[in-house]
Amino acid sequence: MLSAQCYHTNASGPWLVWLHGLLGSANDWLPVIEQFNNYPSLAVNLPGHGASKSETNHGFLHFDQQLSAVLQYYQIHEYYLVGYSLGARLAMHFACYHQPKGLLGLVIEGGNVGLSSEQERVERRANDAAWAQRFRCEPMKQVLDSWYQQNVFADLSPLQRQQLVLLRQQNSPQGIADMLENTSLAKQPFLADKLHQLDCPYRYFCGDRDQKFRSVSQQYALPLTLIENAGHNAHRENPIGYAAALHHFLSQCG
């Protein structure tokens, strides 16, 4: 069973279900969840994060089953699914392949829709395996210092990088390594075509400084909402702007 935290459970109506990114936690969503006290919320810890064990996850299809079990446990029948980065990839796969009943809408924040060539998959598999090995064998701070130097985090200031390194050191190195390998982008199906066929409304959220994922949204004609004054981690960098965009999306969903 994945660990999760409930908020605003006295509110009526559909739930908001939140999936964080690699190295994150359910608590990452709190600044946004606080602005949705008229919706009950469930913030889920991904496998290998928080109290969710990594050895119980074996990839995307298995996570679909785990998330479905959590929703059933909390008796959540109608909900909107919001995912960031790895959480966005898992949310997309869940929506596209599990075809869940009760999913009213999907928000994808900075999520990769997949790789279109075998060569890209080979390269990504090797890259993720190398990172997983580093997480297992090197001091956590040392690996995180390198992790946050990747191009996708190029807009972070030195202080922001330092804060993230301190915050993420509490993670289990083995749990992160396992999740990196089990949910590698190399193992993810290409999802762009299936997204366009979804029965429920969906929206692609992206920080206005996140050039990589702005390009992804444009390349595959995904319905884009830009979050001002934010990079790859838009909900962390501008929670007020993020919440306003999410309120707008929910109002359009009816």
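Q: What does the accessible surface of the protein come to?
A: In this predicted model, the accessible surface is about 11,300 Å². Carbon and sulfur atoms hold 48% of that area.

Q: And how much of the protein counts as buried?
A: Of its 254 residues, 54% are buried. That label goes to residues under 20% relative accessible area.

Q: What radius of gyration does the protein have, and what would a compact globule have?
A: The protein has 17 Å. A compact globule with 254 residues would have a value near 18 Å, so the two agree.

Q: What box do the C-alpha atoms fill?
A: Roughly 45 × 35 × 35 Å, taken along the principal axes.

Q: How many helices and strands are there?
A: The protein has 11 helices and seven strands.

Q: Switching to α11. Where is that helix, and how far does it reach?
A: Helix α11 takes up residues 239-253, which is 15 residues. From its first C-alpha to its last it reaches 21 Å, close to the 21 Å expected at 1.5 Å a residue.

Q: Which residues of α11 are buried?
A: P239, Y242, A243, A245, L246, F249 and L250. They lie on the same side of α11, because they cover an arc of only 165° around the axis.

Q: Which ones are exposed on the other side?
A: On that side of α11, I240, S251 and Q252 are exposed.

Q: What follows α11?
A: G254 does, and its phi is positive, near 85°.

Q: Back to the whole protein. What share of contacts with a separation of 6 or more joins residues 24 or more positions apart?
A: Such pairs account for 71% of those contacts.

Terms used. Residues are numbered from 1 along each chain as its sequence is written. This is a predicted model: local features need pLDDT of at least 70, side-chain atom pairs count only at pLDDT 80 or more; totals for chains, interfaces and linings use all residues. Side-chain values use heavy atoms; hydrogens and water are left out. Helices (H or I, at least four residues) and strands (E, at least two) are DSSP runs, numbered from the N terminus. The expected span of a helix is 1.5 Å times one less than its number of residues. Buried means under 20% relative accessible area, exposed over 50%, partly exposed in between (1.4 Å probe, protein chains only). The arc is that of the directions from the helix axis to the C-beta atoms. The radius of gyration is taken over C-alpha atoms; the globule rule is 2.2 Å times the number of residues to the power 0.38. Contact means heavy atoms within 4.5 Å. Accessible areas come from the Shrake-Rupley method with a 1.4 Å probe; for residues, only the protein chains shown count as cover.
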